[in-house]
Amino acid sequence: MPAISVAICTHNPRLDYLSRVLNALRSQDLPLSEWELLVIDNASTKTVSQCADLSWHPLARFVIEPELGITSARLRAMREFAGELLIFFDDDNVMAGDYLQRCVNLFSERPDVGAVSGCLMPEYESPPPDWFGPYESWIAVRRITTSRWSNFTDSRSEPVTAGMCLRRNVATAFVTACVANPLMSVLDRRGTGLFCGEDVAIAKTAMRLGYSVGQFAELRVLHLIPTRRTTPAYLFSLYRHMCASGHLMGWVDGNGQEPIRVSWRTLLRSAYRFVRGNNIRRRIVIEELRGFQMARRIARDWAKRPQPAPAVAKERRHA
């Protein structure tokens, strides 16, 4: 059994980016015999196996997940992987040559850690506008110089799914939680949709099992960022979905029993920021309110749906 498994979840990948991701994996310090590679083809228009070559790796395979959505793809990887550790990379993450070996070492030395990610430095396809800098963390840029970890919710130590490494029992518990609570599917990012939250949900799962989570500076990834992701239109849409996801995460945690509300204090603070802000910041305030409205609409629509009985989680057995 390999010590570690790598899963690349992809939907209609940009092939020049995917090629760089696979080349970086091919150059890892950790011997090929000690890790497996899964490419989760998430309902791509053209089958990824027709566009990418994995013949260089003896423990690599393509897995087709027909249900569109990043959560569906990650859950498929969690059911399929064979290692004791699982690392998620996106199809635009170029990892350092020592990434896998450092993950093995870190989890061996730190039995208290359940899920981690690292330093994600951007490679922009074209220079972003001058105003973009304060917002680049929204597109999973993490310029980490100091490692931080905790066993409570803290944005400074909360790992992201780009380059996330987690233990097998954390993955198993997350699958079980998703099966038991169908509400978690509302956070799924499907196709060009921009909902998010599975990284937070995985971190919470690890902490519920008694682990700490963290961001470690020695785990280095280059994040390839196309020009469209630095445009105002993309930023505003992303922030609207992020705000909606934040409201929905609390709603999901409460099993849909608590209505989604926003406090008067929050509204007053937003009004102050709108009056005092520039055009970008004013638009961001508007997107916050739109995100709140979106979350309420999704919760209301969900409540009207006939709810199926909870399914029983299935775990892949390994010899």
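1. D154 is buried, with a relative accessible area of 14%, where buried means under 20% relative accessible area, exposed means over 50%, and partly exposed lies in between (1.4 Å probe, protein chains only). D154 forms a salt bridge with R156, and the closest N and O atoms of the two are 3.0 Å apart; a salt bridge is here a side-chain nitrogen of Lys or Arg within 4 Å of a carboxyl oxygen of Asp or Glu. This is a predicted model, in which local features need pLDDT of at least 70 and side-chain atom pairs count only at pLDDT 80 or more, while totals for chains, interfaces and linings use all residues. Residues are numbered from 1 along each chain as its sequence is written, and side-chain values use heavy atoms, with hydrogens and water left out.

2. A search of the whole structure finds 18 salt bridges. One of them joins R14 to E125, with the closest N and O atoms 2.8 Å apart, and this pair links distant parts of the chain, since R14 is in the loop between β1 (4–10) and α1 (15–26) and E125 is in the loop between β6 and β7, 111 residues apart. Helices (H or I, at least four residues) and strands (E, at least two) are DSSP runs numbered from the N terminus. R14 is partly exposed at 33% relative accessible area, and E125 is partly exposed at 43%.

3. Within helix α8 (residues 279–304), R283 and E287 lie four residues apart, about one turn of the helix, and their side chains meet in a salt bridge of 2.7 Å, N to O. R283 counts as partly exposed at 31% relative accessibility, whereas E287, at 0%, counts as buried.

4. Helix α2 (residues 70–80) is largely enclosed by the rest of the structure, because nine of its 11 residues are buried. Among the buried residues of α2 are I70, L75, M78 and E80. E80 also belongs to a network of salt bridges that links it with R61, E65 and R76.

5. For aromatic contacts, rings of Phe, Tyr and Trp (its six-membered ring) pair if their centres lie within 6.5 Å, and planes under 30 degrees apart count as stacked, over 60 as edge-to-face and the rest as tilted. The count by this rule comes to eight aromatic pairs. W35 and W56 form a tilted pair, 6.5 Å centre to centre with 55° between the planes. Because W35 lies in strand β2 (residues 35–42) and W56 in the loop between β2 and β3 (60–65), this pair ties together parts that are 21 residues apart in sequence. Both W35 and W56 are buried.

6. W138 and Y239 form a stacked pair, 4.4 Å centre to centre with 15° between the planes. The pair links distant parts of the chain, with W138 in the loop between β6 (113–124) and β7 (148–150) and Y239 in helix α6 (residues 232–253), 101 residues apart. W138 counts as buried at 19% relative accessibility, and Y239 is buried at 13% relative accessible area. W138 and Y239 belong to one aromatic cluster with Y124, W131, F132 and Y135.

7. R282 lies over the face of F274, at 5.8 Å from the ring centre; the rule for such a charge over a ring is that NZ of Lys or CZ of Arg is within 6 Å of the ring centre and within 35 degrees of the ring normal. R110 lies over the face of W149, at 4.3 Å from the ring centre. F274 lies in helix α7 (residues 264–276) and is partly exposed, with a relative accessible area of 33%.
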